Amino acid sequence: MANLLGGIATSHIPAIGVAMDKGLEETPYWKDFFDAYPPVRDWLYTQEPDIAIIFYNDHGLEFFHDRKPTFAIGASELYENADEGWGIAEIPPVTGETELSWHIVNHLIEHDFDITVCQEMKVDHGLTVPLTLMWPGHKYGHIKVIPVAINCERHPMPKPSRCYAFGQAIGDAVRSFAGDQKVVVMGTGGLSHQLDGQRAGYINKPFDLYCMDKIVNEPELLTQFSNYELVEKAGAQGVELNMWLAMRGALENEGALKELHRSYHLPISNTGAGLQLLATDSAR
Amino acid sequence: MATNEKREFPGTYLFNGEMAKKGYGLNKMCFSFNNQEARDEFNADPDAYCEKYKLTDVQKQAIKDKDIIALLREGGSIYYLAKFAGLLKLNMQDIGALQTGMSVDEFKAMLEKNGRGEV
Amino acid sequence: MASQDSIPGTIMLDGPMATKGYPLNKMCYSFNNASARDEFRADEEAYYEKFKLTEEQKQAMRQRDVIGMLEAGGSIYYLAKFAGILGLNVQDVGGLQTGMTTDEFKAFLVKQGEV
Amino acid sequence: MAKIIGGVTTSHIPAIANAMANGLEETPYWKPFFDGYPPVRDWLNEQKPDVIILFYNDHGLEFFIDKKPTFAMGVADEYYNSDEGWGIPTIPPVTGESELSWHIANSLVEDGFDMTICQEMKVDHGLTVPLNLMWPGHNYGHVKVIPVCINCEQHPMPQPKRTLALGQAIGRAVESFEDDLKVVVFGTGGMSHQLDGERAGFINRAFDIECLDKLVSDPESLTQYSNYDLVELGGAQAVELNMLIAMRGALLGEVTELHRNYHAPISNTGSGLMLLENK
């Protein structure tokens with residue numbers, strides 16, 4: 001059976017990609033943010049995962065409103081990035097994985113998740129920024145990625161409880177896979193932010209810290225929220241917490257988790273940026 | 001008990017993940033046949049068109065031979081193969097006959113028999 | 001409990017808004033392509049027409065009125081691509097929506113960390 | 001309040017479109033099939049439904065397997081048909097209905113159905129053939145249609161128990177819509193048939209009739225089948241039975257069977273027409 005080593009939650013905003021391209025990591029604005037990452041990179045380097053399952057939301061590169069899935073999952077050997085229209089540099093292709101992908105797809109449909117299955121899928125900064133953060137210089141070619149996109153753009157969106165259950169089903173699928181691969185799950189995006197409306201710029205630090213606290217051992221306190229409550233407490237794009245909850249859901253049946261790292265910094269662009277590393281007993 | 005556990009049925013090619021992966025280029029080519037220009041382009045030079053969609057050699061040969069069973073084995077989905085059949089001006093009874101090794105009339109007679117419940 | 005209409009300064013992109021905003025969002029979605037961005041720059045009015053924007057949407061676009069675009073059904077993900085054409089980042093856009101200068105808006109962001 | 005007044009099962013095969021385009025309804029081959037339809041047309045003309053919720057499967061017009069949804073639904077005000085590649089005539093646009101559509105979409109996502117929601121969507125023969133069968137001469141412009149598309153092409157597909165649950169959730173959503181609308185649900189496709197493989201041409205009349213009976217009186221019993229069971233009993237494309245099951249789910253309670261016509265073969269399929277009135 002494949003092993004889940006743990007989960008990583010991280011911001012995925014495009015400004016990070018731009019900062020890395022321009023080598024701004026040590027500037028006063030960015031230093032505190034980037035200084036949080038080496039421990040997580042070291043952990044990944046030691047653990048040598050084979051596969052990363054990445055929960056993210058598409059921001060209008062692959063999916064438009066003509067056909068917007070609630071949950072989409074990739075089952076391709078390669079995922080390309082492309083021009084997103086606002087001038088962030090395109091990054092090299094991401095390596096995919098089809099066997100575990102299809103195994104997960106089968107498990108999800110069997111368990112009543114009505115996913116869109118993608119054999120071709122452009123991945124945007126929501127996925128590529130976290131990869132570049134973990135393996136700077138775009139050195140992520142060795143790790144196989146399974147992209148899982150959750151609608152965080154147009155209401156209705158899947159509820160926090162549904163996203164958690166979705167993650168849980170993916171975790172169960174990984175454990176029932178007849179391989180010995182080492183898998184990490186990543187929840188990307190968040191935390192509180194609002195880009196649109198007169199309330200633009202809203203950030204809620206106490207709420208973000210509460211979420212990071214509770215996600216470790218009491219995620220059920222977070223899954224009770226509705227998406228409207230998340231918008232109220234965490235801003236219009238604060239619903240990206242759903243990606244963190246899906247990541248945490250995947251670790252639900254792993255027993256107690258060890259929180260190996262946590263940092264929070266704001267503002268990064270318009271967001272509260274959280275970084276968290278939760279390890280299972282399967283990790284060395 | 002309802003389960004999606006893998007099962008096999010004689011004379012049936014379940015279009016699942018494994019097949020969908022294998023047949024992706026083939027199906028993508030046939031999907032393009034929704035457009036008249038694509039059909040014209042194929043008709044003008046079938047080999048070049050197969051090449052454009054990176055078909056495997058086995059798939060190219062099966063397209064050339066109009067060998068439906070081979071196309072199914074190579075990951076073709078009947079929904080898209082039907083568009084290839086349309087391009088060849090074949091209907092579902094013609095396709096049925098090709099796959100079962102019957103004449104079209106024999107195939108139609110079998111359908112009639114099945115329809116009466118005389119199985 | 002929070003509901004659809006209860007959060008001031010927040011416009012939910014729900015079904016009715018997404019229906020209203022479809023042409024505007026479709027136009028902005030096209031800005032993923034450099035050739036589309038060039039075409040827009042060359043003749044904005046013709047480009048609005050191509051995507052059949054409503055008069056309200058055209059007016060909001062002409063005036064670079066972000067709140068107006070949101071009220072006309074714009075989704076921030078696609079409007080962000082328009083902002084990209086104008087060379088604006090999300091702090092600039094934040095300032096435009098809140099009536100602050102970009103610097104005021106940045107200071108406002110920082111202040112929320114001092115809790 | 002909106003009310004689902006009834007449900008219809010019907011075949012949706014492209015050969016029907018060709019037969020209608022060529023005026024073959026009275027030929028010996030087609031007569032027993034088309035003769036089944038007038039009572040259903042009469043009922044629809046009497047009842048004058050405002051909205052049709054139509055379960056069908058896309059056959060590679062709107063969706064390709066680059067991005068294949070399990071459940072997709074339309075929320076547009078208009079839907080277009082287009083060239084499907086095999087020469088059936090393209091038909092006029094279908095009128096949509098966005099308010100009830102969005103109401104259903106909201107309700108489904110809230111209920112844990114992970115819909116792919118489409119503000120633009122080309123509809124293929126799976127949707128257009130049934131409409132033209134009910135309102136010949138493409139006279140369906142007055143009725144608003146909500147397309148609900150179920151994956152019947154690439155395994156894994158949703159199982160009968162899931163599609164029944166989808167139908168039920170749609171039924172509940174419609175009944176919670178505040179406008180006074182009369183709604184009819186169509187389950188299209190099926191019944192037994194297999195187009196691909198050496199087993200092509202397989203039809204199982206007894207199984208089809210059993211399914212029609214159960215759709216009326218005991219739809220829950222159909223959820224005992226897996227999709228593989230359906231393939232075994234009804235052929236590779238008999239999984240289209242899922243559309244009929246979803247339709248029946250939307251009717252929620254008990255129904256009265258007003259009309260039935262089973263005929264096989266039509267093209268390579270067993271064709272089941274049934275009209276159910278919601279009690």
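**Aromatic pairs and a chain interface**

Mentor: Let us start with A:Phe207, which is buried at a relative accessible area of 9%, where buried means under 20% relative accessible area, exposed over 50% and partly exposed in between, with a 1.4 Å probe and protein chains only. This is a predicted model, in which local features need pLDDT of at least 70 and side-chain atom pairs count only at pLDDT 80 or more, while totals for chains, interfaces and linings use all residues. Residues are numbered from 1 along each chain as its sequence is written, chains are lettered from A and ligands numbered from 1 in the order in which they are written, and side-chain values use heavy atoms, with hydrogens and water left out.

Trainee: Ok, and how many aromatic pairs are there over all chains?

Mentor: The search of the whole structure gives 38, counting rings of Phe, Tyr and Trp (its six-membered ring) whose centres lie within 6.5 Å, with planes under 30 degrees apart called stacked, over 60 edge-to-face and the rest tilted. One of them joins A:Phe207 and A:Tyr210, a stacked pair at 6.3 Å centre to centre with 25° between the planes.

Trainee: Where do A:Phe207 and A:Tyr210 lie?

Mentor: Both are in helix H7 of chain A (residues 205-217), 3 residues apart, which is about one turn of the helix; helices are DSSP runs of H or I with at least four residues, strands are runs of E with at least two, and both are numbered from the N terminus.

Trainee: Is A:Tyr210 exposed or partly exposed?

Mentor: A:Tyr210 counts as partly exposed, because its relative accessibility is 32%.

Trainee: Switching topic, which pair of chains shares the most contacts?

Mentor: Of the 5 pairs of chains in contact, that is chains B and D, where contact means heavy atoms within 4.5 Å. Their contact takes 51 residues from chain B and 47 residues from chain D, whereas chain B and chain C do not touch, with their nearest C-alpha atoms 22 Å apart.

Trainee: What area is buried between chain B and chain D?

Mentor: About 4000 Å², with carbon and sulfur atoms giving 55% of that; buried area is the accessible area (1.4 Å probe) that two parts lose on being put together, summed over both.

Trainee: And how many salt bridges are found across that interface of chain B and chain D?

Mentor: The rule finds 2, a salt bridge being a side-chain nitrogen of Lys or Arg within 4 Å of a carboxyl oxygen of Asp or Glu. B:Arg73 forms a salt bridge with D:Glu198, and their closest N and O atoms are 3.7 Å apart.
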